[in-house]
Amino acid sequence: MAEALRAPRGTLDVLPEDGRRRLGLLRIADEVAARGGYGPIETPIFESTALFARGVGDTTDIVEKEMFTFEDQGGRSITLRPEGTAGVCRAYVERGMHKLPQPVKLWYWGPFFRYEAPQAGRFRQFTQVGVEAIGSADPSLDAESILLLAEMLDRIGARGVRLRISSLGTPRTRRAYSDELREHLRGREDLLSDDVRARIERNPLRAFDSDHPGTQAALAGAPQLIDRLDAEDAEHFERVRELLDAAGQPYEVDGTLVRGLDYYSRTVFEFESTELGAQSALGGGGRYDGLVEQLGGPPAPGVGWAAGVERMLLAAAPGAEDGAAPRVVYVATAEDADAVQAFGIARELRLRGMHAEVEQAGRSLKGQLKHADRLGAEYVVILGEGPVQVKDMSTGEQRETGSAAEAIELVAAGGA
Ligand code: AMP
């Protein structure tokens, strides 16, 4: 195929086998979210660029270098959404959800876009599933949120799962701590990566995100935010931990955990899988108590997470997300069979909840039986060889029936 026609780098075509696994995960997500009282929400795939600059933070990697931004024909700056929380919070304000009983609990699923270097598990278009609970600072929402993701990962049989949690405190604590950390980093400036050095002034916490060896060496012995929480934040975090403990959810407290987005406060968390290699993060999130207000809404604390669908499936046990598969029946037609009748039988079988297919590529009867086997058919209805026959593919036994209607009853009843 001509180079110019190929799919853009870092994008993915989902073929049917993966498509089925994704739908299985979608069903699990819906079920787990609904049981927690979270309703589905869809927001636009493109938003005004200002939303992300304001909502995600303009010193973040995402806003500084990873957004797909363009001007529309009307001269407005538009961005393909790089994450979901800003759009959901915008909708919360714009659609008056703050007037509903609080907290408002929402979940979403869809495509997201980041201009990152593509590699295994990292794409430029990827899919996230996420939840948000907006309108309450109650620590039970933090614990509930974490447990929802834990449950989804458990349901898909994700392997090697590890949960790290921390607390970032409030913006005030964070400012005081940032001064302290800045001081520490300035004393070791020659060790730092250019990136981190350039951001000491604006966002020193980002140093913790860096895997640059010098930066990591500079961080050894650095003060940690988790040791600087004020009494209220510490108590909030204690409560979250108590609820996780009571639920039997294992976790590690990791004071170096800072998330890549500026809007977080208090609880932050990340699930990773040891099965995933370099891109080990399955999903993560935290509390964002100032975000809604920052977007022009009323004070409305929130907490939520997003998880990568492609990565969840990479970590999942094969087949765990499959639902019960319907019975497969193939309607085979010998040379002089009535194709209209075959089509009608297949349609009737589908109406009764079975997966039914007819011959559509001109194969011989022998070829059709082989194809039926490939499809995993339990039964083959055979037309055009005398009376209507039903072949049980597991035993090889073939039975004559009196009519098409009788054949349909027979396969619907499972051959009894
Ligand atoms: P984040 O919003 O960066 O916390 O991302 C949440 C989750 O989305 C991550 O833990 C990944 O599983 C997934 N994710 C983020 N960026 C990408 C990407 N470029 N490609 C694939 N998955 C991603």
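## A loop glutamate

In this predicted model, the backbone nitrogen of Gly362 lies 3.0 Å from a polar atom of the side chain of Glu359, a polar contact in the sense of a pair of N or O atoms within 3.5 Å, where within protein one must be able to donate a hydrogen and the other to accept it, and residues adjacent in sequence count only if both atoms are side-chain atoms. The Glu359 side chain also reaches the backbone nitrogen of Ala361, likewise at 3.0 Å. Glu359 sits in the loop between β13 (355-358) and α13 (365-374), with helices (H or I, at least four residues) and strands (E, at least two) taken as DSSP runs numbered from the N terminus.

With a relative accessible area of 15%, Glu359 is buried, a term that means under 20% relative accessible area, as against over 50% for exposed and in between for partly exposed (1.4 Å probe, protein chains only). Apart from its neighbours within four places in sequence, Glu359 is in contact (heavy atoms within 4.5 Å) with Tyr330, Val331, Thr333 and Gln368.

## Basis of the values

Residues are numbered from 1 along each chain as its sequence is written, and side-chain values use heavy atoms, with hydrogens and water left out. Because the model is predicted, local features need pLDDT of at least 70 and side-chain atom pairs count only at pLDDT 80 or more, while totals for chains, interfaces and linings use all residues.

## Overall form

The protein contains 14 helices and 16 strands. Its radius of gyration (over C-alpha atoms) is 27 Å, well over the 22 Å that the globule rule (2.2 Å times the number of residues to the power 0.38) gives for 416 residues, so the protein is more spread out than a compact globule. The C-alpha trace spans about 90 × 55 × 45 Å along its principal axes.

Of the 416 residues, 50% are buried. Among contacts with a separation of 6 or more, 69% come from residues 24 or more positions apart.

The pocket is lined by 29 residues, of which Pro171, Arg174, Asn203, Asp262 and Tyr264 lie nearest its centre. Helix α6 gives the most to this lining, with six residues, and α2 (49-55), α6 (171-186) and α10 (291-294) each supply at least two.

Thr173 belongs to helix α6 and is buried, at a relative accessible area of 10%. Its side chain is joined to that of Thr170 by a polar contact of 2.9 Å, and, not counting residues up to four places away in sequence, Thr173 touches Leu225, Arg228, Leu229, Asp230 and Asp233.

## Pro204

Pro204 is placed in the loop between α7 (194-198) and α8 (213-219), and is buried with a relative accessible area of 3%. Not counting residues up to four places away in sequence, Pro204 touches Ser178, Leu181, Arg182, Leu185 and Arg199. Pro204 and Pro171 are 33 residues apart in sequence and 14 Å apart in space, C-alpha to C-alpha.

Definitions and conventions. 1 Å grid on protein atoms, 1.4 Å probe; cavity = no way out; pocket = protein on both sides within 12 Å on 5 of 7 lines; lining within 4 Å.
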